[in-house]
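Reader: I have a model open and want to read it feature by feature. Where do we begin?
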Amino acid sequence: MCIRDRVSTFKRQPYRKQHITAAAVCLFITLVGFMCAVVSFVTLPKCRYGDKDCYFQVKVCAYSDIKKAPPTLSTQLQGGAFFKEASKEPSSAPDVCMMVPKIRSIEGSSESGAEQLAVPILAVAFSVVSPVVALVGTLLGRWWISALETLKICLAASMLFLVIGARTVQKLTFDCRWWHNDLHDHSQKCHDGMALYAAAAVLLFVAQLGTVGTVVHYLEHQRNMMDQRPMYNDL
């Protein structure tokens, strides 16, 4: 098809400009989220497998007899009133203590390795592909209808990967965010990395939802146009 035919086809489709604009906005939001994710992956602390800097130890104590534990407050509802549960015996210091290893940095093949971040990285990369295909598909028109139909499945999968990726980053950085910075000195890096990835996941998720809406509306509009075409009978 020549350029003149493409221009005339574009003018005959009143919603085409809105679809292209919506896809472009979703792609812009995706790029912002992608940049946040890249900075997050760089910020998160990493170490080589087996290195002593990968872990830190904390002292965890407990009672061998729960009756010796100090009184604790509970908010149990009984007969419409709250009451306090407390041990009748005097409390004493914990009698069982042990050193427990906690995650200080994310282990990898090198100090910059990110093998354990494979799922979050895949989620981000997969989320970038969908808006690009959506924008190209709306620009090229009906020649990419099949690709846009398949894209709806990819969008659902990418949103699922974003949730799993966020859960992975949260698990890998929980210890260095929960325990005091004096024990591992990585609190700021872990908090910043987790916050950046969370922001990236939210932006990418919003962009995916917008892309889904754009693609679905565009495909329905294309089907309506095809249904309105005059049918000719050569008999």
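Author: Begin with a term. A polar contact is a pair of N or O atoms within 3.5 Å, where one must be able to donate a hydrogen and the other to accept it. Keep in mind that this model is predicted.

Reader: Which side chain does Ser 105 join in a polar contact?
Author: The side chain of His 186, at 3.2 Å.

Reader: Where does Ser 105 lie?
Author: In the loop between strand E5 (96-103) and strand E6 (106-108).

Reader: Is Ser 105 buried or exposed?
Author: Buried means under 20% relative accessible area. Ser 105 has 4%, so it is buried. Beyond four places in sequence, Ser 105 touches Pro 45, Lys 46, Cys 47, Asp 53, Cys 54 and His 186.

Reader: Now a helix. Which one holds Leu 204?
Author: Helix H5, residues 187-227. Leu 204 is buried, because its relative accessible area is 0%.

Reader: What is Leu 204 in contact with, leaving aside neighbours within four places in sequence?
Author: Thr 30, Gly 33, Phe 34, Val 124, Ser 127 and Leu 162. A C-alpha separation is another way to read packing. Leu 204 and Val 128 are 76 residues apart along the chain, yet their C-alpha atoms are separated by 8.1 Å.

Reader: How many helices and strands does the protein chain have?
Author: Five helices and six strands. Their pattern along the sequence is α-α-β-β-β-β-β-β-α-α-α.

Reader: What share of the 235 residues is buried?
Author: Buried residues make up 32%. The chain exposes about 14,900 Å², with 64% supplied by carbon and sulfur atoms. Of contacts between residues at least 6 apart in sequence, 82% join residues at least 24 apart.

Notes
Residues are numbered from 1 along each chain as its sequence is written. This is a predicted model: local features need pLDDT of at least 70, side-chain atom pairs count only at pLDDT 80 or more; totals for chains, interfaces and linings use all residues. Side-chain values use heavy atoms; hydrogens and water are left out. Helices (H or I, at least four residues) and strands (E, at least two) are DSSP runs, numbered from the N terminus. Buried means under 20% relative accessible area, exposed over 50%, partly exposed in between (1.4 Å probe, protein chains only). Contact means heavy atoms within 4.5 Å. Accessible areas come from the Shrake-Rupley method with a 1.4 Å probe; for residues, only the protein chains shown count as cover.
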